[in-house]
Amino acid sequence: MSFWEYLGNRHQQLLTDAYQQASLVFQCMLMATVIGVVIGVVTYRSGWAGNLATLGTSAILTVPSLAMIGLLIPLVGLGVPPTVIALTLYGLLPVVRNAIVGLRGVDPTLVDAAKGIGMSSAMRLLRVELPLAWPPILTGIRVSTQMLMGIAAIAAYASGPGLGNEIFRGIASLGSKNALNQVLAGTLGIIVLALLFDAAYVLIGRLTIPRGIRV
């Protein structure tokens with residue numbers, strides 16, 4: 001069976017797996033963004049706290065994905081829970097680091113001006129600092145998403161959802177007539193999803209970042 005015939009016969013299952021993978025990465029990236037930005041906001045004013053946050057999230061990223069999921073299975077079981085926890089943790093580093101860098105890079109004179117017109121600390125953060133730090137934060141989100149798209153394929157090891165199941169089935173049946181088609185279909189599907197996510201982030205950047213800041 002040719003690759004195109006395989007796609008034609010399996011397109012329904014492949015589309016389902018692709019949707020599950022996209023949904024998984026989107027939700028984990030959303031949680032990683034919220035947690036990462038909060039960590040960045042809490043730690044960016046202090047040099048040691050910012051370094052500790054970066055070091056801690058860097059340490060998480062050094063743990064092999066199979067090992068991370070394997071350690072979580074006894075705690076939360078198979079399926080979606082260990083996958084969601086692992087992907088959220090892996091997505092933190094670029095967001096935390098870029099949030100800290102972006103917030104520290106805001107021009108202090110702008111913050112002082114906002115303070116001078118009576119803005120509270122919370123208002124300055126929400127209306128001045130975070131909007132100006134948004135471009136590097138968005139870059140961190142893009143990097144994290146690309147990483148998670150590949151790491152999510154390992155979710156099949158824990159009976160998780162996504163295109164990784166196609167890849168694992170192909171690897172498990174090496175030598176069969178459709179083994180290569182399965183691995184290739186899963187891999188190409190992940191690449192296409194990663195490109196679509198990145199294109200979406202480019203559009204979000206154009207819609208949310210003023211032209212002057214982009215330049």
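Thr 16 lies in helix 1. The model described here is predicted.

**Thr 16**

- With a relative accessibility of 35%, Thr 16 counts as partly exposed, because that class covers values between the limits of 20% and 50%.
- Thr 16 and Gly 162 are 146 residues apart along the chain, yet their C-alpha atoms are separated by 8.0 Å.

**The chain as a whole**

- Read from the N terminus, the order of elements is α-α-α-α-α-α-α-α-α-α.
- Along the principal axes, the C-alpha atoms of the chain fill a box of roughly 70 × 40 × 20 Å.
- The chain has 215 residues, of which 42% count as buried.
- Among contacts in the chain with a separation of 6 or more, 75% are between residues 24 or more positions apart.

**The largest nonpolar core**

- This core has 46 residues, and those that touch the most other members are Met 29, Leu 87, Ile 137, Leu 148 and Met 149.
- Two or more residues of the core come from each of helix 1 (3–43), helix 3 (65–76), helix 4 (80–90), helix 5 (92–104), helix 7 (121–151) and helix 9 (179–208).
- Helix 1 supplies the largest share of the core, namely eleven residues.
- Apart from neighbours within four places in sequence, Met 149 is in contact with Gln 21, Val 25, Ile 190, Leu 193, Ala 194 and Phe 197.

**Helix 1 against helix 9**

- The axes of helix 1 and helix 9 come within 9 Å of each other and cross at roughly 45°.
- The crossing of the two helices is right-handed.
- On the side of helix 1, the contact is made by Phe 3, Tyr 6, Leu 7, Leu 14, Ala 18, Gln 21, Ala 22, Phe 26 and Met 29.
- On the side of helix 9, the contact is made by Asn 181, Gln 182, Leu 184, Ala 185, Leu 188, Ile 190, Leu 193, Phe 197 and Tyr 201.
- The residues of this contact comprise 15 nonpolar, three polar and no charged.
- Met 29 takes part in the contact with helix 9 and is also one of the core residues that touch the most other members.

Note on methods:
Residues numbered from 1 in each chain as written. Predicted model: local features only at pLDDT ≥ 70, side-chain atom pairs only at ≥ 80, totals over all residues. Heavy atoms only, no water. Core = buried A, V, L, I, M, F, W, Y, C linked by side-chain atoms within 4.5 Å. Buried < 20%, exposed > 50% of the residue type's maximum accessible area, 1.4 Å probe, protein only. Helix = DSSP H or I, 4+ residues; strand = E, 2+ residues; numbered from the N terminus. Contact = heavy atoms within 4.5 Å. Axes fitted to C-alpha atoms, helices over the stretch in contact; angles between N-to-C directions. Left-handed = near helix turned anticlockwise from the far one by under 90°. Nonpolar A, V, L, I, M, F, W, Y, C, P; charged D, E, K, R; others polar.
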